[in-house]
Amino acid sequence: MSSKEEETKAILCQSSACPNGNPPSRLECPTCNKLGIRGSFFCGQACFKSGCALMPKTDGCDYFLNSGISLQTFVYCVLRIQKIHKIIHDLVNSGSKSSALPEGIYNPFPNFQFTGSLHPWYPLSPRRKVPDHIPRPEYATTGKPISEIKAQGQPPRILSLEEQEKMRTVCRLGREVLDIAAASIRPGITTDELDEIVHNATIERNAYPSPLNYRGFPKSVCLSVNEVICHGIPDKRPVVEGDIINIGWSTFQPNTNPYTLTDKYDFLDISIYFDGYHADLNETYPVGKIDDESARLIQVTQDCLNAAIALCKPGTLFRDLGKAIEPVAKAAGCAVVRTYTGHGVNDLFHGPPNYIPHYAKNKAVGTMKAGMTFTIEPMINLGTNGNDVHWPDNWTATTQDGRRSAQFEDTLLVTETGVEILTAGSRHAKKVLP
């Protein structure tokens, strides 16, 4: 018998209404133990689950049959007491998070039930300035991408050779900015400091950071750490050894019908606006040494994107990309996030095709044609849960179960013979695929 088991057995069952007369305890609530709450020792699973006299060794069935109470009363008592026990967990957990914050830093949503250990570190820094000489997209002042809204449901644009060259230029600049930001990642740097690095590198290239004020987004880049799937707002939290961080921006697609979208279909990677065109790309990086599971997640997500890119050529159906991505994720024990999709990108930050899903059996319409430019950007979660939960900031999307998520994105140009990866970096051995 371990010392822990001896300690537990020496303590009597601490339920105030133990049906067995409070014999020596045999187990402790694991969540209470983790949070440092004392007094959660029980004589068995039945007593632990109910916390009252309604659940003896027979899980309450014998008691219920012999007690004369109604089924409604029985269920109410069990659920009520279990709820109180969970509330204690939540209160202690919330308090421990808040008390760990440095002086001057606060959690703006203290009553929100975060799915993992991450929470925002406010206050946010002021909105960064863009020099007056740098051309801006139409939403830079108002936050409203009117041209995108008007283009919804229209066929994808076929870019001229001149427009394709502009896309090559802006995507090359976007890759430069992403690589600069990635080289700055280290334990202790805050996501707000990384945002400043991205912002400065962008304006040094006479470009505008596309996320800034897009539909009101307050920063120049999205930085998504650990369980954050996408759209993380840079703040005062420093990344720590073992974290993973995605630098990028993604598109929200709540409706499977691309022709019934509202003006809220886009949420927001490294994305920059230069000479009238947008680049869009993102990658996930380790912070120092990471565990094997996180390293596997990053590799699997890269493999998912590469599998989809390999299909791209004139005549490929957009809906077939998900059929290439999802089997790769599932084979590795991971799940595809369905809420967010790829999209067209050119003179519009997000345009037709508005709906490029990353999962199989989707209802995307459309066929690839030479001259089209668009993104593929799969978000992959550890485990089998691909659902997401939004923080009250109306931007940050996290995994529902608190496990980690990774994402990779490239902007692609369909050529006459295949596809050109406009945002290609060191991950790609060659830029043009036949």
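**Briefing: helices, cysteines and a buried strand residue**

In helix H11, which spans residues 320-331, the residues Asp 320, Leu 321, Gly 322, Ala 324, Ile 325, Glu 326 and Ala 329 are buried, where buried means under 20% relative accessible area, exposed means over 50% and partly exposed lies in between, with a 1.4 Å probe and protein chains only. Helices (H or I, at least four residues) and strands (E, at least two) are DSSP runs numbered from the N terminus. The model is a predicted one, in which local features need pLDDT of at least 70 and side-chain atom pairs count only at pLDDT 80 or more, while totals for chains, interfaces and linings use all residues. Residues are numbered from 1 along each chain as its sequence is written, and side-chain values use heavy atoms, with hydrogens and water left out.

**Around helix H11**

- The cover over the buried residues of H11 includes helix H10 (292-309) together with strands S11 (334-336), S13 (351-356), S14 (373-376) and S15 (379-382), with contact meaning heavy atoms within 4.5 Å.
- Just after H11, Gly 333 adopts a positive phi of about 75°.

**Helices H8 and H9**

- The axes of helix H8 (residues 161-183) and helix H9 (residues 191-204) come within 9 Å of each other and cross at roughly 150°, the axes being lines fitted to C-alpha atoms, for helices over the stretch in contact, and the angles running from 0 to 180 degrees between N-to-C directions.
- That angle makes H8 roughly antiparallel to H9, because angles over 145 degrees count as roughly antiparallel, under 35 as roughly parallel, 65 to 115 as roughly perpendicular and the rest as oblique.
- On the H8 side, Val 177, Ile 180 and Ala 181 meet Leu 194, Ile 197, Val 198, Ala 201 and Thr 202 of H9.
- By class, this contact of H8 with H9 has seven nonpolar residues, one polar and no charged, with Ala, Val, Leu, Ile, Met, Phe, Trp, Tyr, Cys and Pro counted as nonpolar, Asp, Glu, Lys and Arg as charged, and the others, Gly among them, as polar.

**Cysteines**

- The count of disulfides comes to zero, a disulfide being a pair of cysteine sulfur atoms within 2.5 Å.
- Cys 222 is in no disulfide, and the nearest cysteine sulfur, that of Cys 230, is 7.5 Å away; Cys 222 is buried, at a relative accessible area of 0%.
- Cys 334 is likewise in no disulfide, with the nearest cysteine sulfur, that of Cys 304, 7.7 Å away, and at 4% relative accessibility Cys 334 counts as buried.

**Val 419**

- Val 419 lies in strand S20 (residues 419-421) and is buried, with a relative accessible area of 0%.
- Val 419 and Thr 373 are 46 residues apart in sequence, and their C-alpha atoms are 9.6 Å apart in space.
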